[in-house]
Amino acid sequence: MAKLGPTPDAISTLLANPSPDGSSPIPEIVVEILDLRRNGNRYMFTASDGKMKLKGILSSNLSSMVESGDFQNLGLVRVLEYTVNDIPGKPEKCMIMIKCEMVSPAPEAEIKSEVSKNEVKGEQAGIILKPKQDMVTKSANQIMHEQNGNMAPAARMAMTRRVHPIVSLNPYQGNWTIKVRVTNKGTMRTYTNARGQGCVFNVELTDEDGTEIQATMFNEAAKKFFEKFELGKVYYVSKGSLKLANKKFSTLKNDYEMTLNENSEVDEVCNEEAFVPETKFDFVPIDMLGPHVNQKVLVDVIGVVTSVSPTMSIRRKSNNESIPKRDITIADESKKVVVVSLWNDLATGVGQELLDKVDQSPVVAIKSLRVGDYQGVSLSTLSKSSIVVNPDLPEAKRLKSWYDSEGKEVSMASVGSGMSPSANSGAWSMYSDRIPLSHLKDNPSLGEDKPVVFSVKAYIGPIKSDQTLWYRACKVCNKKVTEGDGGYWCEGCQKIAEECSLRYILLARAMDATSDVYLSMFNNEAEKIIGCSADELDKLRSEEDNEYQLKLKQAAWVPYLFRVSVVQNEYNDQKRQRVTARAVAPLDFAAESKYMLEEISKMKAS
């Protein structure tokens, strides 16, 4: 009985040759499989040679070996085809096992080696390895006849392709083929540079495992493949190149992006069973959305739906086209809520389904959302966004259980309100981008190209009691209504309501030690300044004018932290700044003192 085990220094051999090109045979590499486990629809493991270990992922085409028992934990496996990639953000590597064969079932214990100065001694005895299978040379016609004798021509061609998972690709691989679905297709764009004019477009491709990658085509390749790629169809793609992704132009969570040229091959998958890519989520808790405001990267969220608005019709300024919109409010275990705006088909389709089920508090998992700064923090769907209602996920079950047991009784605040300098609010907080008000006066062109956002600490000056402090609003969509004979007409909802509500539209003077500006505030921000709703303030004015005046006086000369946006408006043929409060928080004196001490330390250091 041969006392054999894993190939000595097998892991070193794998690391030394991370991407075999097929021109030379792979040496004998036998490893032991440890920590075999399922992760989604893929199997993860650790490969060991007794001295060193290497993390590994089993290619999806080998999953059947695990399910049949041929691929076992603690078993010995001969590696026939593989690639070794870096793990993004970590100093580790991961092997993608593409082809292998089981050579020995699992022993009773893990095989280990003791390393002496000149030799490696195996501790495990009695392991018999099956000899490597002899490779019989056959022609392509023989192989096709034996394996696929009666299959259709298209299916036979598909069987000859060796498909790689996207996760296994890297810039140093030469020949590869991926099988992907087009999940997003951009428009053809033109550009001009020093070399002249050109055109470009890109697509987002997703494989069966849910891994995404962006493919970009320029000029001749763009013209060749623009009509070829159709949204939702499945293709074999090969002869492309990979490079590090430019995050400025890509929102996908992949460290690489693909470029296809006119010699690349794109073949539509026909007469084969199509696949629906697994949707992979990387959930961001609602209370951690702050750092993502106005960033390029899209986010995924999961939450319990607490309210759903009716569909509204929004008119685009660019082409005067009306598009449907619907707002839903979701909550999670952070005890925060956020508004998600659904657009187009998501508003009329899934949005209507959620409206019908809102009494049941459904859980939604939403992929690819843009984080905006409306009302502090808000979410909005894009054309590539997807929504899964009551997903079969551990996070959804845990969230639903929490909400049913205690969450629905808890008072929850909007994630955009009361932003603080805590770690939870991340880079986007009342303490980031802090400026004095004089900075706005000294830079009159701020906001000329696009809105800019700052944080300020300021006092609110006396509020004029004779100004228009509110407007009549629709109770459903909050848009302005006009009073008529039968009630109040809402242009957004296109209907007459018997009642309306009052919502603030406040203009107040904000001051600090350096300067002052006029600050516009909408309902949520003004309520925090005045301390009551517009309906309550109107009631005070009609019943007791002194109480009304007192309420406005109490709002003055109180310090607040503001998150403000600055844009340029044109008035009487002159441009001037419009400063709007996007979020308001009362001053936390302990946190403010800490901030000031940090600023003093920075001054001393410089």
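Helices (H or I, at least four residues) and strands (E, at least two) are DSSP runs, numbered from the N terminus. This is a predicted model, in which local features need pLDDT of at least 70 and side-chain atom pairs count only at pLDDT 80 or more, while totals for chains, interfaces and linings use all residues. Residues are numbered from 1 along each chain as its sequence is written, and side-chain values use heavy atoms, with hydrogens and water left out.

Start with helix α12, residues 545-555, where Y548, L552 and A555 are buried, that is, under 20% relative accessible area, with exposed meaning over 50% and partly exposed in between (1.4 Å probe, protein chains only). These residues lie on the same side of α12 because they cover an arc of only 60 degrees around the axis; the arc is that of the directions from the helix axis to the C-beta atoms. An α-helix has 3.6 residues a turn, so residues three or four places apart point the same way. On the face of α12 turned away from the buried side are the exposed residues N546 and K553. Just after α12, W557 has a positive phi of about 60 degrees.

Now turn to S385, which sits in strand β21, residues 378-389. S385 counts as buried because its relative accessibility is 9%. Its side chain reaches two backbone atoms: the oxygen of S368 at 2.5 Å and the nitrogen of L382 at 2.7 Å. Apart from neighbours within four places in sequence, S385 is in contact (heavy atoms within 4.5 Å) with L346, K367 and S368.

Note on methods
Polar contact = N/O pair within 3.5 Å; in protein donor to acceptor, adjacent residues only side chain to side chain.
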